[in-house]
Amino acid sequence: MSIIANDFRLEEHQDHVELSCALQGDGFPPRLIFRLPVENADAVDLEQPNWAAMSLYWQAMMMGHDLVIEGDMSPLLLHSMRGDLMALMRNYEPMLKDIQIDAGLSTSPVPEGPRDVMTGFSGGVDSFATFLLYTRPEVPPSLQLTALAVYQVGALGPTAAGPGVLEPAVEHARAHADNHGLKQYSLWANMDEVYAPAGRFGPIDFRRTVGLRNAAAALVFQNGVGTYLPSGSVAYNAATYGPYTCTENMDPVFQPLLATEKLRVLPAGAGYSRREKVRLLADDPQAQKLLNVCVMGAVMRRASMTINCSTCWKCIQTMMVLDAWGKLENFGAVFDVEHYRNNRKQLLQNLADRAYGHNMLGIIDEIVYVREMGIPIPKPRGPFEQKLRGVAKRALLKGA
């Protein structure tokens with residue numbers, strides 16, 4: 001059996017454009033759709049449907065179905081997808097299978113003239129660090145950041161919610177882009193619908209496929225973007241290649257394999273640990289106003305905050321490092337510092353329980369470092385103690 005992509009279209013609508021292709025395969029929707037602003041249309045590459053191949057790669061390997069792209073792909077990317085990238089993905093997720101990929105080879109030339117250097121921008125630690133690293137005066141002109149991108153391919157919640165979910169994230173990034181004269185790219189895609197058929201064959205979610213989804217989005221823009229700097233969260237000295245449940249662990253070796261003749265892909269800031277990135281942005285005025293690390297949905301965030309909940313594990317991970325350096329008060333616009341100060345012992349206890357319970361090596365390393373800096377962090381509680389405390393808490397809530 002095969003998964004087939006054909007009938008590639010770029011259609012203009014009143015307030016947006018849609019890049020799409022027809023899909024044939026068991027359980028797939030009629031079309032893969034990317035919706036983007038009219039002002040981004042000139043950057044779209046319809047001639048090379050690399051974006052379609054990348055959007056279907058995981059599903060084909062999980063289902064064990066060959067992939068047919070009825071168009072001409074980048075020879076460089078196709079070579080990677082048939083070779084090293086496939087081998088890497090098999091190591092990352094042993095349930096994936098070797099497949100055949102049938103596609104033509106494009107002879108489309110690299111567009112002439114200057115093109116953008118782009119990074120995805122969530123406003124988190126990694127993307128802020130990338131901005132700071134690639135806007136320094138000593139950075140070569142060919143690597144100077146010129147554009148920020150925001151994708152809704154699953155990071156902002158289920159893509160079935162539609163393009164409307166994207167707008168707050170776009171506005172957040174625009175505040176930073178406008179302050180620095182940067183161009184902005186954005187798009188929404190029906191990715192969850194396109195990935196759903198593979199769910200019958202093995203576990204699948206956004207984090208498991210995040211690198212592939214983001215790569216598909218970046219490949220859409222390769223006629224206007226010459227360099228893509230994805231902000232990985234794992235440094236070279238911490239990278240591992242599986243088996244894992246998130247592509248971020250292998251970013252430094254995974255990301256360069258996503259390149260085409262038109263689009264070079266360089267792992268941004270892979271020489272820095274997350275702790276070093278936090279240190280990099282600790283004195284940056286823009287980060288102090290716009291840093292967004294929270295993993296909670298908007299409706300779950302504390303009413304007192306507009307950006308971060310100041311309670312989830314990622315908020316506390318960031319706040320404790322800033323606390324260790326005496327920089328936390330500088331971030332009072334984005335974190336509820338008073339809530340952290342008043343509840344620090346319990347919040348750090350919860351973080352330690354999660355980090356050690358889920359073997360989150362990066363956070364464990366930061367906990368050790370912060371302890372050495374003088375911040376008291378409780379030892380993690382065992383599973384039995386955590387369970388007992390959970391039962392007691394529920395009983396108290398029920399009694400109330």
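Serine 186 is buried, with a relative accessible area of 7%; buried here means under 20% relative accessible area, using a 1.4 Å probe and protein chains only. Welcome to a predicted model, in which local features need pLDDT of at least 70, side-chain atom pairs count only at pLDDT 80 or more, and totals for chains, interfaces and linings use all residues. Residues are numbered from 1 along each chain as its sequence is written, and side-chain values use heavy atoms, leaving out hydrogens and water.

**Around serine 186**
- Serine 186 sits in strand S8 (residues 183-189); strands are DSSP runs of E with at least two residues, helices are runs of H or I with at least four, and both are numbered from the N terminus.
- Beyond its neighbours within four places in sequence, serine 186 is in contact (heavy atoms within 4.5 Å) with residues including Arg35, Pro37, Leu166, Val170 and Phe221.

**Helix H5**
- Leu166 and Val170 are also among the buried residues of H5, together with His172, Ala173, His176 and Ala177.
- These buried residues pack against helix H4 (125-133), strand S7 (147-152), S8 and helix H10 (285-290).
- After H5 comes glycine 181, which has a positive phi near 65°.

**Helices H1 and H3**
- Helix H1 (residues 50-63) packs against helix H3 (residues 84-92) at an angle of about 50°, and their axes are 12 Å apart; axes are lines fitted to C-alpha atoms, for helices over the stretch in contact, with angles from 0 to 180 degrees between N-to-C directions.
- Met54, Tyr57, Trp58 and Met61 in H1 meet Leu85, Met86, Met89, Arg90 and Tyr92 in H3.

Methods:
Buried < 20%, exposed > 50% of the residue type's maximum accessible area, 1.4 Å probe, protein only.
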